[in-house]
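Please look at the sequence and the three-dimensional structure shown below before reading further. The briefing then takes up selected features one topic at a time.

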Amino acid sequence: MERNEFIGKADEKLKLVRTEYDFNQERMAEILGISKKTLVQIEKGRSSLGWTGAVALCAIFERSEILEAAFGGAAAELIMTLAFRDSEPDYPKTMGGKIWWKTLEESNGNKIQQNIVSQHYRILDPFDRRVFSSFELAAVKERLEKLNP
């Protein structure tokens, strides 16, 4: 998934999230820090939240079932992968990939997993802490080799 795909999904799900939380357009616009007119345009597919707005939507509504289904779990991990492409931030502990992840390979307690929705990959250490994530399987495998000398 690329940033523009992420933004497009957030745009598509905006109205559903608003409905999920039982907010009218005015209240949702206020929460997101945009005008009601802009919100209406986004819901009609004539405008976009953009990167910042999509990240804000996912952060503010992090427990939304609509967004979880759209992004394959907590969107924060996907946002981090998109934001820090080709670098390694210090990731927090995960739940081990019980719902949205498929384990592809295990080596010395480290796991390569793939998200079943966004298709991005990650490496978890033996304590289920994310070590690395990328959309490139080759990069993930290369990083795993460095973890397992």
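The structure is a predicted model. Its largest nonpolar core has 24 residues, and another core, of 7 residues, lies apart from it.

**Nonpolar cores**

- In soluble globular proteins, nonpolar side chains tend to be buried together.
- Of the 24 residues in the largest nonpolar core, those touching the most other members are F6, L14, M28, L32, L57 and F71.
- The largest share of the core, 5 residues, is supplied by α1.
- Beyond its neighbours within four places in sequence, L32 is in contact with L14, L39, L49, A56, L57, I60 and F61.
- The other core, of 7 residues, includes I112, I123, F132 and L144.

**Helix α3**

- Which residues of α3 are buried? L39, V40, I42 and E43 are buried there.
- These residues lie on the same side of α3, because they cover an arc of only 160° around the axis.
- An α-helix has 3.6 residues a turn, so residues three or four places apart point the same way.
- The cover over the buried residues of α3 includes α1 and α2.

- Strand β1 (residues 101–107) pairs with β2 in the antiparallel sense, over 6 bridges.
- S107 has N110, in β2, as its bridge partner.
- The two strands β1 and β2 form a hairpin with 2 residues between them.
- N108, in the turn of this hairpin, has a positive phi of about 55°.

**Positive phi in two further loops**

- Most residues other than glycine have a negative phi.
- Q119 is not a glycine, yet has a positive phi of about 70°.
- Where is Q119 found? Q119 is in the loop between β2 (110–115) and β3 (121–124).
- Q119 has a relative accessible area of 38% and is therefore partly exposed.
- D128, also a residue other than glycine, has a positive phi near 65°.
- The loop between β3 and β4 (130–134) is where D128 is found.
- Is D128 buried or exposed? D128 counts as buried, because its relative accessibility is 18%, and buried means under 20%.

**Aromatic rings**

- A pair of aromatic rings is described by the distance of the centres and the angle of the planes.
- How many aromatic pairs does the structure hold? The structure holds 5 aromatic pairs.
- One of them is formed by Y21 and F23, whose ring centres are 6.2 Å apart; their planes are at 15°, so the pair is stacked.
- Y21 is partly exposed, with a relative accessible area of 31%, and F23 is partly exposed at 24%.
- F6, W51 and F71 are linked into a cluster by ring pairs; F6 and F71 are also among the core residues that touch the most other members.

**Charges over rings**

- The charged end of R3 sits over the ring of W51, at 4.0 Å from the ring centre.
- R122 lies over the face of W101, 3.7 Å from the centre of the ring.

Definitions and conventions. Residues are numbered from 1 along each chain as its sequence is written. This is a predicted model: local features need pLDDT of at least 70, side-chain atom pairs count only at pLDDT 80 or more; totals for chains, interfaces and linings use all residues. Side-chain values use heavy atoms; hydrogens and water are left out. A nonpolar core is a set of buried Ala, Val, Leu, Ile, Met, Phe, Trp, Tyr and Cys residues joined through side-chain atoms within 4.5 Å. Buried means under 20% relative accessible area, exposed over 50%, partly exposed in between (1.4 Å probe, protein chains only). Helices (H or I, at least four residues) and strands (E, at least two) are DSSP runs, numbered from the N terminus. Contact means heavy atoms within 4.5 Å. The arc is that of the directions from the helix axis to the C-beta atoms. Two strands pair if DSSP finds at least two bridges between them. Rings of Phe, Tyr and Trp (its six-membered ring) pair if their centres lie within 6.5 Å; planes under 30 degrees apart count as stacked, over 60 as edge-to-face and the rest as tilted. A charge sits over a ring if NZ of Lys or CZ of Arg is within 6 Å of the ring centre and within 35 degrees of the ring normal.
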